[in-house]
Amino acid sequence: MQITGLLLERLRNAEYFQFMTDTRSIVSANNPVALNVKPSFDGLTAELEVIDTLYQQQQGSIVTPKMEQADLRRDRALNGINSIVNGFVYHFDTGFSEPALLLQASISKYGSNIIGQSLIAETSIITNLAGDWNNTAELQQAITKLNLKEWTNELATANMEFNKLYLERNAETAGKTTQSMEDRRSLISNDIYYKLRDKLLANAEINDLAQPWAAAVNQLKALIASYNNLLATRPPEPATPVTPITP
């Protein structure tokens with residue numbers, strides 16, 4: 001049995017915590033013992049306490065809103081660069097399309113969804129990408145040709161500002177925790193959710209979607225659909241471009 005997926009990494013921290021809480025409520029209402037998912041349910045319950053603590057600590061920091069703005073700023077800059085580069089790839093003049101292809105390749109080297117990475121991973125990728133652009137003559141020339149210097153400066157500046165604020169918040173909360181909610185999500189919390197979801201689906205299939213599995217699965221499907229609808233209202237990330245075929 002399969003169920004529509006949800007890109008957990010695209011959920012903001014508050015949305016992520018609410019989704020996990022809603023998932024726990026669905027399983028709880030349908031009796032985790034009867035569903036044969038009690039150990040996985042207990043694991044999610046315990047994990048919710050951890051990420052709630054991390055979330056409250058981060059929300060209590062005066063640095064967090066500034067950090068979120070810096071993160072949005074760098075995401076907008078990277079999306080802008082991607083859009084311009086991807087457009088120039090199709091330029092009729094090879095004097096523009098070839099530099100665009102070089103820049104496209106330099107970005108694609110780090111994956112198709114840089115802004116979907118964890119906050120610290122995104123910081124590292126953008127730092128490396130800016131280093132590539134600054135230290136490779138061909139890429140510098142391409143940036144100049146496509147008039148992207150202001151854009152690349154903006155991306156680097158926003159990324160450095162984010163990293164500065166991230167370190168400030170870590171120092172502020174050092175006495176409370178050594179882990180951010182973002183790190184916890186990617187390293188531990190996601191897997192705990194997936195184990196519960198997969199255990200529920202496996203038992204539902206074994207029992208031919210009888211009750212209480214039918215109710216639990218249908219409610220989880222509806223919950224996931226509502227969050228997918230939420231994500232669908234956000235501006236789309238640039239699609240991975242298709243390199244044009246040269247004659």
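This is a predicted model: local features need pLDDT of at least 70, side-chain atom pairs count only at pLDDT 80 or more; totals for chains, interfaces and linings use all residues.
Helix α1, residues 13-29, packs with helix α9, residues 213-232. The angle between the two is about 165°, and their axes lie 10 Å apart. Because an angle over 145 degrees counts as roughly antiparallel, α1 is described as roughly antiparallel to α9. The crossing of α1 past α9 is right-handed. On the α1 side, the contact involves E15, Q18, F19, D22, T23 and I26; on the α9 side, A216, Q219, L220, L223, I224, Y227 and L230 take part. Sorted by class, the residues of this contact are 8 nonpolar, 3 polar and 2 charged.

Helix α2 covers residues 38-59, a run of 22 residues. Buried positions in α2 are S40, F41, L44, T45, E47, L48, I51, L54, Y55, Q57 and Q58. These buried residues pack against α1 and against three further helices, namely α3 (64-88), α7 (149-172) and α8 (181-206).

In helix α4, which comprises residues 94-108, the residue S106 was examined individually. S106 has a relative accessibility of 8% and therefore counts as buried. With residues up to four places away in sequence left aside, S106 touches L129, W133 and L139.

Terms used:
Residues are numbered from 1 along each chain as its sequence is written. Side-chain values use heavy atoms; hydrogens and water are left out. Axes are lines fitted to C-alpha atoms, for helices over the stretch in contact, and angles run from 0 to 180 degrees between N-to-C directions. Helices (H or I, at least four residues) and strands (E, at least two) are DSSP runs, numbered from the N terminus. Angles under 35 degrees count as roughly parallel, over 145 as roughly antiparallel, 65 to 115 as roughly perpendicular and the rest as oblique. A crossing is left-handed if the near helix is turned anticlockwise from the far one by less than a right angle, and right-handed if clockwise. Contact means heavy atoms within 4.5 Å. Ala, Val, Leu, Ile, Met, Phe, Trp, Tyr, Cys and Pro count as nonpolar, Asp, Glu, Lys and Arg as charged, and the others, Gly among them, as polar. Buried means under 20% relative accessible area, exposed over 50%, partly exposed in between (1.4 Å probe, protein chains only). The expected span of a helix is 1.5 Å times one less than its number of residues.
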